[in-house]
Protein chains: 2
Amino acid sequence: MASGCEKGEKVQVGKSDLEEKILETATELFAEHGYVKASVRDIAKLVKGSNSCLYVCFKNKDEILFRIITDVGSDLLNELNKVISKHDDPVECLQDMIFTQILFSIGAAKKMKIYLEEQYQLPPSLKEKALDQHRQLYDLYYNKICEIEKQGLLYQKIDKVVMTFGIFSNINWVYRWLNPIGRLSVEEVALQITDMLLRSVLKNSPLST
Amino acid sequence: MASGCEKGEKVQVGKSDLEEKILETATELFAEHGYVKASVRDIAKLVKGSNSCLYVCFKNKDEILFRIITDVGSDLLNELNKVISKHDDPVECLQDMIFTQILFSIGAAKKMKIYLEEQYQLPPSLKEKALDQHRQLYDLYYNKICEIEKQGLLYQKIDKVVMTFGIFSNINWVYRWLNPIGRLSVEEVALQITDMLLRSVLKNSPLST
């Protein structure tokens with residue numbers, strides 16, 4: 001199947017198909033062996049193309065990493081913005097955001113591993129752009145916590161920055177331990193983590209009764 | 001200062017001093033550049049010794065990583081066991097364990113980064129040994145949660161495994177975002193995170209009133 005490109009041959013699939021294939025292959029390799037150990041040659045070999053074939057789509061390996069990270073970040077931002085647009089009540093909204101992000105993270109576990117563990121490998125200019133996206137994500141949660149505070153429903157003894165990172169830590173750790181085919185379903189675990197987090201930030205959790 | 005060893009020379013300091021220096025230097029390099037990018041040559045250069053000098057103390061780079069990981073893991077287990085021996089009340093004990101581990105993690109942030117992010121680079125036999133240590137740590141928390149349950153104080157809607165990983169996620173994430181010289185002191189943040197976690201796992205948190 002001529003799905004990649006051969007040295008000296010014309011690229012046989014559209015650039016975006018090839019791009020997609022490179023990104024998928026790189027995701028597998030980076031998640032399995034770590035970014036540094038996976039080489040452009042390894043990726044090219046699996047895409048069944050030459051090294052130079054990769055350079056049709058990406059300037060270098062850093063750019064491939066950057067694309068994996070910002071693509072998954074942007075998918076996640078889209079998902080959360082869709083959730084936010086659905087809710088007027090900030091508590092229900094936060095609940096849905098946490099639940100949605102956990103399901104998203106488990107569904108995209110390999111990409112999330114790269115997003116969370118390999119970002120520091122990016123060169124400074126790309127790292128800064130990736131961090132901008134992190135900040136947008138952070139702001140969505142922080143702003144929701146501020147809305148809850150305005151309604152007088154927030155537990156007051158914890159700083160809102162600490163709360164926001166507390167939520168992130170739990171959501172971001174879950175791909176490291178949750179077995180999607182384990183004793184509890186992903187949905188059950190996501191509901192329970194959402195419950196834990198809401199109990200920790202609200203004066204009175206609507207789920208606790 | 002002849003603190004390292006020169007090629008062909010006798011080692012001029014005790015093996016344990018040299019070992020200590022290699023481990024400190026490797027910790028700095030692994031934390032800064034990641035395990036894969038830091039070479040034995042880089043470490044040797046900074047210890048002011050030859051490559052072979054390192055092999056007096058360690059079989060290879062994997063063994064250095066293994067030692068950093070298991071040393072910090074064993075220090076942490078010791079700290080937690082000291083805390084456990086101090087308390088009869090399981091809630092007070094869990095509170096102290098979380099607080100202590102957060103302070104420990106911030107104090108040993110570089111080692112913790114390696115412990116949490118580079119463990120997967122170990123070869124299988126060493127990884128298995130390192131995971132044994134993780135399990136011991138996990139058991140300390142899980143058993144404490146079981147004690148709390150026996151006293152009828154645990155919030156019942158969350159699975160105890162989910163709770164234990166919820167606690168770990170928050171403790172283990174903190175070195176990634178907490179600025180030790182930020183607006184809040186490390187102790188303040190540690191107290192607030194402890195409060196968050198206790199509120200999330202207890203029926204009624206003693207701190208919430």
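At what angle do helix α4 (residues 61-86) of chain A and helix α7 (residues 124-150) of chain A pack, and how far apart are their axes? I looked this up and found an angle of about 15 degrees, with the axes 10 Å apart.

**Ground rules**

I note that this is a predicted model, where local features need pLDDT of at least 70, side-chain atom pairs count only at pLDDT 80 or more, and totals for chains, interfaces and linings use all residues. Residues are numbered from 1 along each chain as its sequence is written, chains are lettered from A and ligands numbered from 1 in the order in which they are written, and side-chain values use heavy atoms, with hydrogens and water left out.

**Entry: chain A overall**

Helices (H or I, at least four residues) and strands (E, at least two) are DSSP runs, numbered from the N terminus. Along the sequence I read α-α-α-α-α-α-α-α-α. The C-alpha atoms of chain A fill a box of roughly 65 × 40 × 30 Å, taken along the principal axes.

Two packed helices are described by the angle between their axes and the distance between the axes. Axes are lines fitted to C-alpha atoms, for helices over the stretch in contact, and angles run from 0 to 180 degrees between N-to-C directions. Angles under 35 degrees count as roughly parallel, over 145 as roughly antiparallel, 65 to 115 as roughly perpendicular and the rest as oblique. α4(A) and α7(A) are therefore roughly parallel to each other.

I also checked the handedness: α4(A) passes α7(A) in a left-handed crossing. A crossing is left-handed if the near helix is turned anticlockwise from the far one by less than a right angle, and right-handed if clockwise.

Next I listed the contact (heavy atoms within 4.5 Å). From α4(A) come residues including A:Phe66, A:Ile69, A:Gly73 and A:Leu80, and they meet a set in α7(A) that includes A:Leu126, A:Gln133 and A:Tyr141. By class, this contact of α4(A) with α7(A) has 11 nonpolar, six polar and four charged residues. Ala, Val, Leu, Ile, Met, Phe, Trp, Tyr, Cys and Pro count as nonpolar, Asp, Glu, Lys and Arg as charged, and the others, Gly among them, as polar.

**Entry: α4(A) with α6(A)**

Here I read an angle of about 110 degrees, with the axes of α4(A) and α6(A) 9 Å apart. That makes α4(A) roughly perpendicular to α6(A). Their crossing is left-handed. In α4(A), A:Leu65, A:Ile68, A:Ile69, A:Val72, A:Gly73 and A:Leu76 meet A:Lys111, A:Met112, A:Ile114 and A:Tyr115 in α6(A). I sorted this contact by class: eight nonpolar, one polar and one charged.

**Entry: α6(A) with α8(A)**

α6(A) and α8(A) pack at about 125 degrees, with their axes 10 Å apart. They are therefore oblique to each other. I found a left-handed crossing for α6(A) and α8(A). A:Ala109, A:Met112, A:Lys113, A:Leu116 and A:Glu117 of α6(A) make the contact with A:Asn172, A:Tyr175 and A:Arg176 of α8(A).

**Entry: pockets**

I needed some terms first. On a 1 Å grid over the protein atoms alone, a cavity is a set of points where a 1.4 Å probe fits but cannot get out, and a pocket is an open set with protein on both sides within 12 Å along at least five of seven lines; lining residues have an atom within 4 Å of a point. Grid points are joined across faces, edges and corners, and a volume is the space filled by probe spheres set on the points.

The largest pocket holds about 900 Å³. I counted 26 lining residues, with A:Arg176, A:Trp177, B:Leu116, B:Leu131 and B:His134 nearest its centre. α7(B) gives the most to this lining, with six residues.

The second largest pocket holds about 710 Å³. Of its 23 lining residues, A:Gln119, A:Leu131, A:His134, B:Trp173 and B:Arg176 are closest to its centre. α7(A) supplies the largest share, seven residues.

**Entry: cavities**

I found two cavities of 30 Å³ or more. The largest cavity holds about 120 Å³. Its lining has six nonpolar, six polar and six charged residues.

Which residues line the second largest cavity? I listed A:Asn170, A:Met196, A:Leu197, A:Ser200, B:Asn170, B:Met196, B:Leu197 and B:Ser200. The second largest cavity holds about 40 Å³.
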